[in-house]
Amino acid sequence: KTYVRNCIQPKNGGKACEGDASKTENCGEQECPVTWKQCDNPVPVVRNVYMPWNPDSETFTITVTTDSVAGSEELVSVWFDDKDGASAGYVFIRFNTQIQYSIGYCMYSYTPFPVTLPTETQKTWTFTYNYTDKRVVYYCNGVQVLNVVLSSACTRWSTNSDNRDYWERKPTQIQFSSIDTASDSYCISSNTGAI
């Protein structure tokens, strides 16, 4: 961007303008955020097994496919742990009569999505987490259905600051827990591609 200054002649003994008449700065050079992309090689979900990964960026993505439908009472349950095995957060999707989400150590209950979800039975859910700005984004079949910064969305942080500590840990492994009845396949990626 360029700033241009127009100086007028000084009056009544005022000083003339000093410095450059224009200034140019580069902007928009930060790394673009990860957006939804199709999972090319999903693998079947195995429950109660920690799967290591070491994302080489501050933003990483987990994509889960499911054919669960509203009213099935099924659940997507993805847990993140750090290198020491300590919990670093989790995400849920519950298929009640209305499909709802929850962000672990952030919310007290399940919440309906703020937008209408795609209607296809087969759904690809993508969870993107930016570790630097603590932003969680959910996509469903390529449509962004949730985009929150945890510091402004987490009701549990205001009542218990320990909950914030979970999301301060950098995840290095994931687990689909035994209560996950909805996830069929998954893939993990960072903003440099699939892992």
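F60, I62, F80, V91, F127, T128, Y129, V136 and W167 line the largest cavity of this predicted model. Local features require pLDDT of at least 70 and side-chain atom pairs pLDDT 80 or more, while totals for chains, interfaces and linings use all residues. Residues are numbered from 1 along each chain as its sequence is written, and side-chain values use heavy atoms, without hydrogens and water.

**Cavity**
- A cavity is a set of points, on a 1 Å grid over the protein atoms alone, where a 1.4 Å probe fits but cannot get out; lining residues have an atom within 4 Å of a point.
- The count is 1 cavity of 30 Å³ or more.
- The volume of the largest cavity is about 50 Å³, taken as the space filled by probe spheres set on grid points joined across faces, edges and corners.
- The lining comprises 8 nonpolar residues, 1 polar and no charged; Ala, Val, Leu, Ile, Met, Phe, Trp, Tyr, Cys and Pro count as nonpolar, Asp, Glu, Lys and Arg as charged, and the others, Gly among them, as polar.
- Strand 10 contributes the most to this lining, with 3 residues; strands are DSSP runs of E, at least two residues, numbered from the N terminus.

- An open sheet of 6 strands has the order 4-13-6-7-8-9 with antiparallel pairing, where two strands pair if DSSP finds at least two bridges between them.
- Strand 7 (residues 87–95) runs antiparallel to strand 8 (residues 99–103) over 5 bridges.
- V91, a cavity-lining residue, stands opposite I103 in strand 8.

**Hairpin of strands 11 and 12**
- Strand 11 (residues 135–140) and strand 12 (residues 143–149) form an antiparallel pair over 6 bridges, in which R135 has V149 as its bridge partner.
- Between these strands lie 2 residues, and N141 takes a positive phi near 50°.

Notes:
1 Å grid on protein atoms, 1.4 Å probe; cavity = no way out; pocket = protein on both sides within 12 Å on 5 of 7 lines; lining within 4 Å. Helix = DSSP H or I, 4+ residues; strand = E, 2+ residues; numbered from the N terminus.
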